[in-house]
Amino acid sequence: MNQFLAMVIALSAITGVTIYEGLRFEFWSTTDPEELNHFAERLEAVPESFGDWSSEPAEADEEQLAAAQVHAHVSRDYVNGKTGAKVNVFLVCGKTHPMAIHSPDQCYAAVGFTQGDPSRKYVEVNGRTAELWSSRFSREENLEQQALDVVWAWAADDGVWQAPTSPRPHFSNRNALYKIYLITAPGADSDAESFLKDFLPVLDKQLFTPVKPKTETADETTS
């Protein structure tokens, strides 16, 4: 299986469907540029290396990303120096509607992939629970079977990664979003799980405003 080629094709599908859906639903509305720039600046701070993980840049089509109104992105192949685990990461930010109107079942179907049964993953991050979709996508091309395992989710500025069934109405009160895709070889669930446990706390620190500690209630202070 040519996993690299499949990943490149999948990335092209992701951006291409974003363009189509944006034009179809006329979601190219304006958002406060300062807010988008704030999202982008924090995205630039995502480290290339952390813990046992190091990375190399992964291919991304800049013209397609611009047309899809991806305001900023991170596209990297992370490798764990101890275990050899490999994870492709595509992390983007932009206006809510372009970020929320499509999911991998649409993107991958556009290039011939069939989605398996989706399920949700849950990862604890600094006292909060991150919720992510997970599914396998496969296709046969030139008598060769290709398959990828994909994990994806969205997050607003509140730092909570979510996997809603209908992200567009779910995030309708938000002006900007982050979206993350993790792509691994089929059956590498443990690689994805390991990476998420290490990576999401890093994103929590770099992307989101620190969560204020719970304040004491009047009853608690007087008890």
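Author: A nonpolar core here means a set of buried Ala, Val, Leu, Ile, Met, Phe, Trp, Tyr and Cys residues joined through side-chain atoms within 4.5 Å. Buried is under 20% relative accessible area, exposed is over 50%, and partly exposed sits in between, with a 1.4 Å probe and protein chains only. Keep in mind that this is a predicted model, so local features need pLDDT of at least 70 and side-chain atom pairs count only at pLDDT 80 or more, while totals for chains, interfaces and linings use all residues. Residues are numbered from 1 along each chain as its sequence is written, and side-chain values use heavy atoms, with hydrogens and water left out.

Let's start with the largest nonpolar core. It has 35 residues, and Leu-91 and Trp-161 are the ones that touch the most other members. Two or more residues each come from α2 (33-44), β2 (70-80), β3 (86-95), β5, β6, β7, β9 (176-184) and α7 (189-207); these are DSSP runs numbered from the N terminus, with helices (H or I) of at least four residues and strands (E) of at least two. The top contributor is α7, which gives 7 residues.

Now zoom in on Leu-91. Setting aside neighbours within four places in sequence, Leu-91 is in contact (heavy atoms within 4.5 Å) with Leu-43, Val-46, Ala-72, His-73, Val-74, Trp-161, Lys-179, Ile-180, Leu-203 and Leu-207. Apart from this core there is another one, of 22 residues, including Val-70, Phe-137, Trp-152 and Ile-183.

Next, β9. It is largely enclosed by the rest of the structure, because 9 of its 9 residues are buried. Both of its faces are covered: Ala-176, Tyr-178, Ile-180, Leu-182 and Thr-184 are buried on one side, and Leu-177, Lys-179, Tyr-181 and Ile-183 are buried on the other.

What does β9 pair with? Two strands pair if DSSP finds at least two bridges between them. With β3, β9 pairs in the antiparallel sense over 8 bridges, and Phe-90 stands opposite Tyr-181.

From β7 you can walk on to β6. Strand β7 (residues 144-155) is joined to β6 by 9 bridges, and the two run antiparallel; Asp-149 of β7 is the bridge partner of Arg-136. These two strands make a hairpin with 2 residues between them, and Asn-142 in that hairpin takes a positive phi near 55°.

On to β5, which pairs with β6 over 7 bridges, antiparallel, with Val-123 opposite Ala-130. Although Asn-126 is not a glycine, its phi is positive, about 50°. Most residues other than glycine have a negative phi. Asn-126 counts as exposed because its relative accessibility is 53%.

One more partner for β6: strand β4 (residues 114-115) is joined to β6 by 2 bridges and runs antiparallel to it. Gln-115 has Phe-137 in β6 as its bridge partner, and Phe-137 is one of the residues of that other, 22-residue core.
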